[in-house]
Protein chains: 2
Amino acid sequence: MLINQSMVDKAEALIPELVTSLAEPKAVVEIVADETAFQGWRVDQAEKQNWQEQVLSKGDSFVLDFEGHLVGYVSLKVKAVGSPPDAPLKLKLTLGEMPCEIAEPFDSYDGWLSSSWLQEETIFIDVLPAEIKLPRRYTFRFIKIDVLDTSKKYNVSFEQVACIAVTSGDPSNIAPLPEKLSDELALMDQIAIKTLQDCMQSVFEDGPKRDRRLWIGDLRLQAQANYLTFNNFDLVKRCLYLFAGMRLPDGAVGACVFEKPHAHVDDTRLYDYSLFFVACLYDYYVASEDLETLQELWPIALEQIEIAVQRLDEKGIVRDDETWWSFIDWHPDLNKQAPTQGVLIYCLKRGLGLARILGLTDKQQYIEGQIERATQAAVTELWDDKKGFFVSGVKRQISWASQIWLVLAEVLPVEENAALLNRLFEEQPAIGMTTPYMYHHLIEALFSVGSSEKAAEQMQAYWGEMIKDGADTFWELYNPEDKKLSPYGSNLINSYCHAWSCTPTYFIRKYLI
Amino acid sequence: MLINQSMVDKAEALIPELVTSLAEPKAVVEIVADETAFQGWRVDQAEKQNWQEQVLSKGDSFVLDFEGHLVGYVSLKVKAVGSPPDAPLKLKLTLGEMPCEIAEPFDSYDGWLSSSWLQEETIFIDVLPAEIKLPRRYTFRFIKIDVLDTSKKYNVSFEQVACIAVTSGDPSNIAPLPEKLSDELALMDQIAIKTLQDCMQSVFEDGPKRDRRLWIGDLRLQAQANYLTFNNFDLVKRCLYLFAGMRLPDGAVGACVFEKPHAHVDDTRLYDYSLFFVACLYDYYVASEDLETLQELWPIALEQIEIAVQRLDEKGIVRDDETWWSFIDWHPDLNKQAPTQGVLIYCLKRGLGLARILGLTDKQQYIEGQIERATQAAVTELWDDKKGFFVSGVKRQISWASQIWLVLAEVLPVEENAALLNRLFEEQPAIGMTTPYMYHHLIEALFSVGSSEKAAEQMQAYWGEMIKDGADTFWELYNPEDKKLSPYGSNLINSYCHAWSCTPTYFIRKYLI
């Protein structure tokens, strides 16, 4: 990998102090099978609420509900009841963001992401009474405690279960919403902010339960929401320096970065994600006016552009073959060519903005040339006038993603973009959207053509529906038509507090107040 | 409980510094089902021995053999191989003293002792490479490492697995054996010493795997072996002060003591075990000549005698009813009356010895009176002249335990005792011996009547057979006729390094060299 140690050092010097707060369980609950409930699980209050007075023996269990999403460190105090304990206490803890994680046995998990993400611990406590501070960080709302074994001579009682929650998002920086805003939007804003907050740790994580790391695709949206809420510029700056300081061998920005045991970049390369470095830097400068950082990181942004345009073919279209991966969305059948052309043009335009700010005339001209070339090609090669849609790949696929990204790229005049989006809703092409990340871009596209009402309506239909389904924080994956959807083979492993789903607060605060 | 804090403080001031040593695995092995092997499991060398060069993925496992019994703290170094690890590593460690613990799934355990004794850990490692120092102490020879999950992007290699072994028995204090001793006895002595050493921690533990605590029945035998090997007088003194400083409400010495979180006595009361405080103190004084300790602890020893004789009925026999528990042996059908009468007389005689040493004439007279009363009663009430055996309980049970303990109590003249033991071997009463603890007393009885050859032969037939069956340390339970024997419902939970089985070194060094 290509390491610029001084940039990495700058990033590491910006590791934030986390804000901590104590959370305690609010109720004892039972998770009950219910076909009418989200994912088939209903949360009922248990009959006995006085969990601290219960005496538990082998085989007993209970579920605590903290009634809110938490990221942090769990501790528990447990004591023996009866004779002196003559054998270790064996406990199982199961922690879940959602009821399904408590109710569905983890043994049943058979997805393609590692089962090691499922949050459970089997612990042996040799000495009682004990205060156990679990060393790992968990992301959860519910904790199930199973007393796997005591001995014939003693039982146990739990005196305390608590969580020290952590975040680098300080809520005191958030401006209050105007009172005129509807309750629905105020609630959506609040849940979006909580989502962002729980993802703000020592980097902007994608999901604090899974994958717990910095992806640039998520970072871009988190940073945009952050500029209108927490205003933690240093955390964005740290993330930019991490990506800039550790790149793939040819200079491309990597898709994600790990922090431990020392900062290192992953070997995953995503065409669109490398380009988003340009957009992230642009957004950062516009929000922070931090010229020094812009000046230092500009060459790396420019390099992303130079690397990206090498993929344009003789017609000026990004080559679509087996040698690349552009993320765009999780849809298994989505052809990535046209939407990626949109991402390229979108990022070229942010690059042009940066060149202008820096007064680099030759770079402006270079980028303008690339924009012209890619835009012309998009119209000539990807626009199907008969169908009234952009098409993608050799099979000329018509997808929501292609239209949305080429609207965001502003390839067509704004009225034509507005008409294109209307046509999209009317004709509903089969290749739809699967993630809040893609929905974000739909909403952004609607606002960009002035369709604020439609945008707000779509926000309600998507994030509003998540709220009705019980979201405390917004989810990585959601399909109102298929509520057990997971691209990973099991909804147990989905992240239920996910960076790319936090943008309702951005839309509300940017466009709706 | 009856607490004498100054005695407890004296005990706590004697907590020993443990001697540590590093142990590393010697081989990779496979545990193979084999009906002809002990407990049905054979240990084979694995084909690949270079475990540090193996790359393991989900579902892989290997078994390391340290080729010797260990008590200590395990650490392991593990690194990722492949892409940067994008999910935690999930490992299962299974630690066993014996092959059965590695080969038989712990889920299958259904005994009455707590399954929490079974040594396993499921651990999640969030950051790789990692050096994991497991916080709990384990007792083992074999470690199985199961890689439960990695991710599609990485595998793992183990760079080091090690154990810091701990003991308070310093082997440099042990006198070498004379060269003339047979190899068989030399090996038996060595294994017995290792057994004792691994049980010597901050107290004399009964078994370092299970129960890991101080029982006075075990202490008595350990101390006797210790005086001929490690000579750690302070550790015995600490244990005596623990029992003396924390007694049951009526003043009886408890059966066992826990050290943590602070020293406390268990609520288990065993008639024979309380009395053994007298014998332990006697042995300690004879070995150490520590008069100060004897003087301080004598009143408590005397109190045990006073409490014990209250159980004698009008005929002078210990009452046998539902209100007591005398341990003697694990045999489920053993009537405890006659053997306990033997323990009482045996301990009264040690008490008399102490009173003489202290020159307490009135106490001598008192104890002599009790010895006279209990001995007379044993002969009158328990001796069945027709059968030539002592009988026990209303059903006049004839057991090995009754004969052995009444021989040790020297109720009959030595020649008659010798004849009684011969008769025992000839007639083989059905109620036999189930533990090395009971075997110890048989051997001691044989030596007491001068049958050294028979004693040595019995040692070979019992402990020698354990060695043939693969013992690195001597076991809590062993029946050459029933090798899967466990009074707990499963041989998985048996202790395979057990205090009360360490006495071959005592016999060898006291009687055979």
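Trainee: What should I know about the model and its numbering before going on?

Mentor: This is a predicted model, in which local features need pLDDT of at least 70 and side-chain atom pairs count only at pLDDT 80 or more, while totals for chains, interfaces and linings use all residues. Residues are numbered from 1 along each chain as its sequence is written, chains are lettered from A and ligands numbered from 1 in the order in which they are written, and side-chain values use heavy atoms, with hydrogens and water left out.

Trainee: Why is A:Glu457 called partly exposed?

Mentor: Buried means under 20% relative accessible area, exposed means over 50%, and partly exposed is in between (1.4 Å probe, protein chains only). A:Glu457 has 45% relative accessibility, so it counts as partly exposed, and A:Lys454, with a relative accessible area of 25%, is partly exposed as well.

Trainee: Why is A:Asp65 called buried, and what does its side chain meet in a polar contact?

Mentor: A:Asp65 has a relative accessible area of 2%, and it is therefore buried; its place is in strand E5 (residues 61-82) of chain A. A polar contact is a pair of N or O atoms within 3.5 Å, where within protein one must be able to donate a hydrogen and the other to accept it, and residues adjacent in sequence count only if both atoms are side-chain atoms. The side chains of A:Asp65 and A:Arg141 are joined by such a contact of 2.8 Å. Leaving aside neighbours within four places in sequence, A:Asp65 is in contact (heavy atoms within 4.5 Å) with residues including A:Pro25, A:Val43 and A:Phe142.

Trainee: Why can the salt bridge between B:Lys153 and A:Asp267 be said to join two chains?

Mentor: The closest N and O atoms of B:Lys153 and A:Asp267 are 2.7 Å apart. B:Lys153 lies in the loop between E8 and strand E9 (154-167) of chain B, whereas A:Asp267 lies in the loop between strand E13 (264-265) and helix H6 (271-288) of chain A, so the pair joins two chains. B:Lys153 is partly exposed at 25%, and A:Asp267 is partly exposed at 34%.

Trainee: How many salt bridges does the rule find across the interface of chain B and chain A?

Mentor: Across that interface the rule finds 10 salt bridges. The contact takes 37 residues from chain B and 37 residues from chain A. The area buried between the chains (the accessible area, with a 1.4 Å probe, that two parts lose on being put together, summed over both) is about 2900 Å², of which carbon and sulfur atoms give 52%.

Trainee: How do you know that A:Cys256 is in no disulfide?

Mentor: A search of the whole structure finds 0 disulfides over all chains. The cysteine sulfur nearest to that of A:Cys256 belongs to A:Cys239 and is 12 Å away, whereas a disulfide is a pair of cysteine sulfur atoms within 2.5 Å. B:Cys239 is likewise in no disulfide, the nearest cysteine sulfur, that of B:Cys280, being 9.1 Å away.

Trainee: Why does B:Trp324 count as buried?

Mentor: B:Trp324 has 14% relative accessibility, and therefore counts as buried. B:Trp324 is found in the loop between helix H7 (291-309) and helix H8 (337-358) of chain B, and a polar contact of 3.2 Å joins its side chain to that of B:Asp320.

Conventions: Helices (H or I, at least four residues) and strands (E, at least two) are DSSP runs, numbered from the N terminus. A salt bridge is a side-chain nitrogen of Lys or Arg within 4 Å of a carboxyl oxygen of Asp or Glu.
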